[in-house]
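Below is a short report on one protein model. Keep the sequence and the 3D view at hand while reading.

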Amino acid sequence: RDSSRDDLLSCIGAIRYWSDNGGGSEADVEVEAALDAKNKAIHENISLQYQDVYRKNDDPKWLREIYYHKLLSGDKNIINIFGGYFRSEIFGAGEYWFRYKKNFKLALWAFSIAAKFGENGAFLRMRSASCLIRTGGRHEGESAFNKLIEEFPQAKHIVSSYVDSLLYIDAFGTALSILDKHQIICTDGPWHAVQFGRIYMGLHKYQEAIIAFKTQLKFESTPIAYQNLARAYHKIGDTPNEMAVLERGLGLHPTSKRLNVSMAALLERIGNPETARDILLKIFDDDPHNGWVIFPLIKLLCKCNDPEKAINIFEQVHGKIIPEFLRDSIQSEIYIIKKNYRDAINILNSRVQDEHSVGQKLEAYFIWAMDVDDTGERIVIAREGLNVKVDEKLTNNVPGLFSIGKLAVVANEHEEYIKIKDRIAAINPDLKDLQEFARSMHPEWVL
């Protein structure tokens with residue numbers, strides 16, 4: 001059987017699904033190629049009917065239907081016409097998966113099919129290389145990028161794509177070396193400023209990240225530019241500047257989801273969970289599958305003494321949450337609400353151990369320890385939390401340090417508390433939250 005024909009059938013199935021529903025998944029594009037004689041005749045008749053429609057209305061979309069049903073009728077000659085005519089649509093399918101669905105495995109699949117039918121320009125090769133790096137083929141992807149850069153040394157967008165791919169897999173040091181090698185600097189443009197900011201955030205060099213994101217804002221006053229800068233201030237515990245940046249951003253972009261979600265998170269941290277909850281509920285009503293909204297909303301509902309609503313929301317949408325990688329994090333929060341702390345920690349252990357999963361795990365241990373009445377058991381749980389492996393780079397991250405410091409206080413580990421307190425003071429001497437928490441449990445520790 002012609003494997004190319006099967007690939008094309010699958011891809012046209014994907015195109016048809018997007019046209020009708022605006023989305024797709026791997027299961028949606030598994031089109032059955034083996035049809036019995038009756039079905040082949042039906043598709044031949046359908047194709048003839050579409051030809052009549054096309055004669056009356058020359059919209060190219062009818063050509064797509066003609067060729068689709070011709071293929072399903074078993075007409076192998078049509079494959080030659082189809083390959084050339086739909087090559088751009090197949091590439092478009094890959095772009096859709098790449099840019100909007102962030103499904104790089106399926107995007108690579110579509111780009112590979114487009115390449116079989118003669119689409120082999122620099123842009124497609126760049127996209128394929130990017131997908132390779134993002135789907136586990138880093139060596140092959142980097143080799144492809146290096147070949148492209150050698151062929152097109154002045155094409156800075158290829159270098160940018162290379163760097164973006166490395167950032168996706170958290171290869172921050174390599175990304176920085178690529179920018180340095182090609183003499184790209186932060187002030188070369190807004191996208192480069194973002195790249196430097198993301199690199200420094202990944203390397204936990206937050207002061208450098210703040211400078212990069214301020215540079216980005218000089219180029220563009222977009223919602224994401226304000227959010228990036230606010231996040232950098234959050235990492236060093238600079239709440240006043242974080243608030244000021246978000247307020248300026250919301251003044252220009254009052255309906256921005258990302259800025260409203262960031263403001264809700266900040267309001268929750270400074271003791272105004274009800275207002276934060278109301279902000280997120282309004283966004284959730286308009287965008288009920290957005291994981292970046294659902295994650296903080298579930299935590300806020302619990303803090304506002306409405307755990308049942310949090311559980312109900314999760315049960316309604318858990319299989320539809322986008323992006324998918326947030327589903328485990330949100331499931332962990334549901335386990336915490338149900339006091340299934342060990343399950344919450346186990347699900348986080350199954351994830352990549354980045355600063356987000358580690359930070360969430362530390363907080364899970366803290367909540368678990370504080371939920372136990374027996375002092376001895378509480379200390380045991382907190383000490384288990386202190387044994388969580390934390391990347392040394394996270395010692396520049398104030399929220400992460402605060403989580404470790406709280407566990408040290410609960411675990412009655414005075415030396416660890418002093419070490420963390422001094423580390424926070426070296427980053428932000430005005431921040432006294434850890435001392436205040438320690439005072440509530442060990443007043444003798446705080447002079």
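The report covers the whole chain, then two residues.

This is a predicted model, in which local features need pLDDT of at least 70, side-chain atom pairs count only at pLDDT 80 or more, and totals for chains, interfaces and linings use all residues. Residues are numbered from 1 along each chain as its sequence is written, and side-chain values use heavy atoms, with hydrogens and water left out.

**Whole chain**

The protein has 24 helices and zero strands. Helices are DSSP runs of H or I with at least four residues, strands are E runs with at least two, and both are numbered from the N terminus. The protein holds 447 residues, and 49% of them count as buried. Buried means under 20% relative accessible area, with a 1.4 Å probe and protein chains only. Contact means heavy atoms within 4.5 Å. Among contacts between residues at least 6 apart in sequence, 54% join residues at least 24 apart.

| Residue | Relative accessibility |
|---|---|
| Q216 | 0% |
| D238 | 17% |

Q216 sits in helix 11, residues 206–219. Leaving aside residues up to four places away in sequence, Q216 touches P190, A193, V194, T222, I224, A225 and N228.

D238 lies in the loop between helix 12 (223–235) and helix 13 (239–252). With residues up to four places away in sequence not counted, D238 touches Y233 and N428. D238 and V398 are 160 residues apart in sequence, yet 9.3 Å apart in space, C-alpha to C-alpha.

Key
Buried means under 20% relative accessible area, exposed over 50%, partly exposed in between (1.4 Å probe, protein chains only).
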